[in-house]
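Here's a quick walk through one protein chain, meant for reading side by side with the model. Keep the viewer open and click along.

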Amino acid sequence: MANYCVDHPDAVIDLSISEVAKASGVSIASVSRLAITLGFKDWKEFRLNFARGVTRPDDEEIFPDITPDDDDEMVARKVFENHVLSIRETFDQIDKADLFRVVDALVKADKVVFFGSGGSGYAARDEALRFTHLEISASAHNEEFEMMLHAARIQKGQVAFGFSNSGRSRATVGVLREARRNGALTVGIANYHGTPLEEVSDVFFCTSFPKRGGYTASLTARIAVSAIMDAIYVLCAHRGRIVSNICDVDRALESVRLAPKKLP
C-alpha cells in the first residue's frame with residue numbers, strides 16, 4: 001500500500017479511500033491502518049498532508065518566491081502564478097464530500113453566522129454581505145463579546161463559520177465551540193491543520209499556499225479562502241437558494257452607487 005502511494009501520488013490525492021483500496025488491491029481497513037501507522041488520525045488527514053508534498057509535472061513552471069533582483073513584470077507574474085498554484089492545490093486537498101455537506105446544510109438553514117477576529121473579521125463581513133443574496137439570514141461578528149453573544153443564540157439546523165489564519169484565535173475557537181454545543185453545524189477555515197479551530201469544527205477546510213517566503217504566502221492564503229467560499233456560495237445558488245428578486249436588488253444598489261453626489 002505504501003509503495004502504491006509513492007508510485008501513484010495523483011491517485012492518492014484525487015481518489016476516495018474506497019477507490020484507492022480497490023486500485024491498490026487491499027481493503028479499506030488496510031488503507032486506514034496505513035494512515036494511522038504514519039501518525040495521522042485518519043485517511044483524510046493523511047491525504048491532505050500528502051497533497052502538500054506532491055509536485056505535479058506542470059508545477060515546474062511555478063515561480064519561486066519574489067526576490068530583490070526581480071523586475072516589476074516578474075514580481076507581478078509570480079503573484080499571479082502563486083495564486084494559481086494555491087487555488088489548484090486547495091481544491092485538490094479539500095474533501096469534496098465536506099464541501100457538499102456544508103452546501104446541503106446551508107440550503108436547509110434559516111440562519112448563517114460568520115465569525116472572525118482581526119483581519120479574518122473582514123472576510124467574515126464580506127461573506128455575510130454576499131450571503132444576504134440567498135434566502136437566509138446572514139450576519140458577521142468580529143468583537144469577542146458580541147461573537148459569544150451571537151454564538152449562544154445559534155440553534156440546531158443553523159450554520160456557523162469561523163475564519164482564522166492561524167487556526168488558533170481564542171475568540172473564534174471559543175464561539176465555534178459554543179455554536180457546536182448548541183447544535184449548529186460548525187465550519188472552520190484556516191491555513192494550518194492540527195489547530196484548535198479544527199478540533200471544534202464539524203467541517204474543516206485547510207488552504208494550501210506556497211511556503212517559499214513571506215511575500216506571497218498571506219496573499220495566496222486569502223485568495224484560497226475566497227475560492228472555497230465562492231464555491232459554497234455558487235453551489236447554494238445553483239441549488240435554488242438565490243433570492244428571486246436578486247436582479248431588482250442589484251439594480252437598486254447600482255443606482256445608489258451611480259447617483260450623483262450632492263455638494264454641501
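Helices here are DSSP runs of H or I with at least four residues, strands are runs of E with at least two, and both are numbered from the N terminus. With that in hand, Arg101 sits in helix 7 (residues 96–108).

Residues are numbered from 1 along each chain as its sequence is written, and side-chain values use heavy atoms, leaving out hydrogens and water.

**The whole chain**

The protein chain has 13 helices and five strands. Of its 264 residues, 44% count as buried; buried means under 20% relative accessible area, exposed means over 50%, and partly exposed is in between (1.4 Å probe, protein chains only). A contact means heavy atoms within 4.5 Å. Among contacts in the protein chain with a separation of 6 or more, 69% are between residues 24 or more positions apart.

How confident is the predictor? pLDDT is its confidence in each residue, from 0 to 100. The protein chain averages a pLDDT of 81, and 74% of the residues score at least 70. Over residues 55–63, though, the pLDDT is below 50, and this stretch has 18 contacts in the model beyond near neighbours in sequence. Where pLDDT is low, the predicted coordinates should not be read in detail.

**Two helix pairs**

Two packed helices are described by the angle between their axes and the distance between the axes. Axes are lines fitted to C-alpha atoms, for helices over the stretch in contact, and angles run from 0 to 180 degrees between N-to-C directions. Angles under 35 degrees count as roughly parallel, over 145 as roughly antiparallel, 65 to 115 as roughly perpendicular, and the rest as oblique.

Take helix 3 (residues 17–24) and helix 4 (residues 28–37): they pack at an angle of about 105 degrees, with their axes 8 Å apart. Helix 3 and helix 4 are therefore roughly perpendicular to each other. On the helix 3 side you'll find Ile17, Ser18 and Ala21, meeting Ile28, Val31 and Ser32 in helix 4. By class, this contact of helix 3 with helix 4 has four nonpolar, two polar and no charged residues. (Ala, Val, Leu, Ile, Met, Phe, Trp, Tyr, Cys and Pro count as nonpolar, Asp, Glu, Lys and Arg as charged, and the others, Gly among them, as polar.)

Now for helix 9 (residues 144–153) and helix 10 (residues 170–181), whose axes come within 8 Å and cross at roughly 10 degrees. That makes helix 9 roughly parallel to helix 10. Helix 9 brings Glu144, Met147, Met148, Ala151 and Ala152 to the contact, and helix 10 brings Arg170, Ala171, Thr172, Gly174, Val175, Glu178 and Ala179. The residues of the contact of helix 9 with helix 10 divide into seven nonpolar, two polar and three charged.

| Residue | Relative accessible area | State |
|---|---|---|
| Phe114 | 0% | buried |
| Ser120 | 9% | buried |
| Ser18 | 37% | partly exposed |
| Glu144 | 39% | partly exposed |
| Arg101 | 40% | partly exposed |

What does Phe114 touch, not counting residues up to four places away in sequence? Its contacts include Ala124, Phe131, His141, Phe161, Phe163 and Met229. Phe114 itself lies in strand 1 (residues 111–116), and its C-alpha is 8.6 Å from that of Asn142, 28 residues apart along the chain.

Ser120 is in helix 8 (residues 119–131). Leaving aside neighbours within four places in sequence, Ser120 is in contact with Phe163, Ser164 and Asn165.

Glu144, in helix 9, touches Arg170 and Ala171, again not counting residues up to four places away. Glu144 and Ser117 are 27 residues apart in sequence and 7.8 Å apart in space, C-alpha to C-alpha.

Back to Arg101: leaving aside neighbours within four places, Arg101 is in contact with Leu185, Asp202 and Val203. Arg101 and Leu185 are 84 residues apart in sequence and 9.7 Å apart in space, C-alpha to C-alpha.

Conventions: Predicted model: local features only at pLDDT ≥ 70, side-chain atom pairs only at ≥ 80, totals over all residues. pLDDT = per-residue confidence, 0-100.
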